[in-house]
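Biologist: I am new to this structure. Could we go through how to read it, one feature at a time?

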Amino acid sequence: MLQIENLHAQIGDNEILRGVNLEVAAGEVHAIMGPNGSGKSTLANVLAGHEAYGITGTVRFEDDDLLALSPEDRAAAGLFLAFQHPVEIPGVGNLYFLRMALNSVRRRRGLEELDVMAFLALAQERMKLVEMDESFMRRSVNEGFSGGEKKRNEILQMTILEPKLAILDETDSGLDIDALRIVAGGVNALRTPDRAMVVITHRQRLLDYIVPDRVHVMAGGRIVRSGDKDLALELEEQGYADLGQEVTPDRSASVGATP
Amino acid sequence: MTTVASAVRTAATTTPTVAELLSRLGFPPSDPGPAWLAQARHASHEWATARGFPTLKDEDWKYTRLGPLLEVPFERVGGGTGRPVSPEVIDALTIDAASTRLVFVNGFFAPELSRLTDLPDGVTVTNLASVLAEGGAGLEPFFSYPFGGYDHAFTALNTCLFEDGAFIHLPADALVTAPIELLFLSEAQGSPVVDNPRSLILAGPRSRVVVVETYAGASGNATCTNAVTQVVLDEGARVEHYKIQDEPDTAFHLALLDVRQGPDSRFSSGSVALGSKIARNEVRVRLEGEGAEASIDGLYLPRGDQHHDNPILIEHAAARCTSRQLYKGIVDEHGHGVFNGRIIVWPDAPGTDASQTNKNLLLSDHAEVDTRPRLEILTDDVKCTHGAAVGALDEEALFYLRSRGVPYEAARALLTYAFAREMLDLIESESLRAHVQTLVDGRLSTEDSGTGGTLR
């Protein structure tokens, strides 16, 4: 489904991705772990189409040359990024935005647009999945949401847009154990043989709920090690110290989480 | 600065003096009205002739070049000389077909297009000329009122030349809840046309009224609207005033909304500027009675080569008054937006609470904004805040929307509309809010550049 070959990304003179290679097949869940600054979030942003980076390399997503597509075309092709820091957009209603997004995507996939009633029914069903109150829908996108509410809103959007490939960028950071369970439940509800996921995380904890097929370790802008789910456990115990890099696991991003 | 300098030179060489212009426009008018009004017109003529036109050196005019306006050989037309206006046009411009409305075409009252409804006892809604024709008893002070020390030639020109406008009078405790609509249409089929509508809104003690002024026209030759609206609120009166300026981009629009507030009165103004080539939408509020409150809000959306200037003056002249200003600009293409807001707190105004906010969204690299909040505080015991911001669309928000599948143009429109939405939410009347929303939506979503006429 996704083939990344020798992907480089830089901002100005600062090269952040230094040759990433990764292959994700349909039905698989891949976890990407690694210390802060290793390039995990940059990889996620580059895949979603953020325009701040100078990029070389190739990324194929199904039949598409992903790097040639606009962010909205990537979404229509079935890519979804759950942001680490979802942006607040005052003045844009959550429900209005979500319906606009879904219908834009459906239109480009050649599907019929959903009218307000049909969309509301779908949204209500998916909100139950992530245990979100309907009052959120009437608020502006992420405005005044707590950290956990923002993450749940990301998962809600994902369950409504039903992407083929979902990239979750530190969706677990800042979540307590209940929120983590809810988020994982939303993710697992979307797991089917024709979908794939890339879960970026600092910590092994999330992987208790979303069990990965493959685990990769990123350091210095590359994937330096890959293995099965046991690799995550090993990293949790030993840290990133023996990766040949002078790096240590950064736990500061987990502040506020229940140990 | 090159353009500024050349404008000054042009103004000095090829534009008329005030006296020349007034004479060309037919001053003194053949029917100047009651003797006191004829006198007020002559006094204004004398004042303006001596004073001359404002220049870019005047603080309140430094952003609006008058050269392009004064070079146009404007003429005044007689009543009833315009092309007939169809009822469909009126329907499209009015908010509620059932509301009271007064329609003026090139400054003249058009009774056949107007609609007078049953109003509470003692409430008068009519055209000013009809009141003046009967002597205009008691109105003299409103025309000899010198507009403080801030008068300029265009206000004086209006006094010299006005033919008609709206007259609204509410006696004590009168409540008119449905908006009264005032529609000013300008059209120049032949020579460029100038008109000078003059309106007066007098709100008696504890009375309440909502007034909407709409300015529109047909594209054709240039028009110039030089409008003055005076609002006087007695103790405890409440007036909501809205203004929609949607003239074609062949139009020049100069307007003054002059407000005087008595004790515990509440005045709110919401303006939306969409049209005109050059528009200067001046608002002056004088808080004269203790405990008065004023909210002055505006949204301006210049694009193409449009210029929208918003000079605001709030004078706190009595104790414990509150004033709020919120102006937002969305400037596209080569548009130019100006917020020139001034608050003066006089020595006898302790307990003043004043705030002023101006935010601007620039949608193109060529868009330009001047924002100039000014506070002049001449007493202690005041709370004044002001702030201004100019920026482009939030790139991260744009990426977020696009990453969810919303196309680039739609995402931009959504964020732009979100910026404007705060202003729409301030409009209390639901039907008016929907009407303004349609206008703003149309502006923000259309690919078409330039404002066409609304009459055709």
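Modeller: This is a predicted model. Start with the overall form of chain A.

Biologist: What radius of gyration does chain A have, and what would a compact globule have?

Modeller: The idea is to compare the value with a rule based on chain length. For 259 residues, a compact globule would have a radius of gyration near 18 Å, and chain A has 18 Å, so the two agree. Along its principal axes, the C-alpha trace of chain A spans about 55 × 40 × 35 Å.

Biologist: How many helices and strands does chain A have, and what share of its residues count as buried?

Modeller: There are eight helices and 12 strands in chain A. Of its 259 residues, 44% count as buried. The contacts can be read by sequence separation too: among those in chain A between residues at least 6 apart in sequence, 71% join residues at least 24 apart.

Biologist: Which residues of α7(A) are buried, and what do they pack against?

Modeller: The buried residues are Ala179(A), Leu180(A), Ile182(A), Val183(A), Ala184(A), Gly186(A) and Val187(A). They pack against α4 (116-129), α6 (147-161), β9 (165-169) and β10 (196-200) of chain A.

Biologist: Which strands pair with β13(B)?

Modeller: Strand β11 (residues 251-261) of chain B pairs with β13(B) in the parallel sense over 10 bridges. There, Leu254(B) has Arg280(B) as its bridge partner. Strand β15 (residues 307-316) of chain B also pairs with β13(B) in the parallel sense, over eight bridges. Here Ala279(B) stands opposite His308(B).

Biologist: Last, how many residues of chain B are in contact with chain A?

Modeller: 16 residues of chain B are in contact with 21 residues of chain A. On the chain B side, α9 (395-403) and α10 (408-425) are the elements that give two or more residues. That side divides into nine nonpolar, two polar and five charged residues.

How values were computed
Residues numbered from 1 in each chain as written. Chains lettered and ligands numbered in written order. Predicted model: local features only at pLDDT ≥ 70, side-chain atom pairs only at ≥ 80, totals over all residues. Helix = DSSP H or I, 4+ residues; strand = E, 2+ residues; numbered from the N terminus. Rg over C-alpha atoms; globule rule 2.2 N^0.38 Å. Buried ≥ 20, exposed ≤ 12 C-beta atoms within 10 Å, placed from the backbone. Contact = placed C-beta atoms within 7 Å. Nonpolar A, V, L, I, M, F, W, Y, C, P; charged D, E, K, R; others polar. Pairing = 2+ DSSP bridges.
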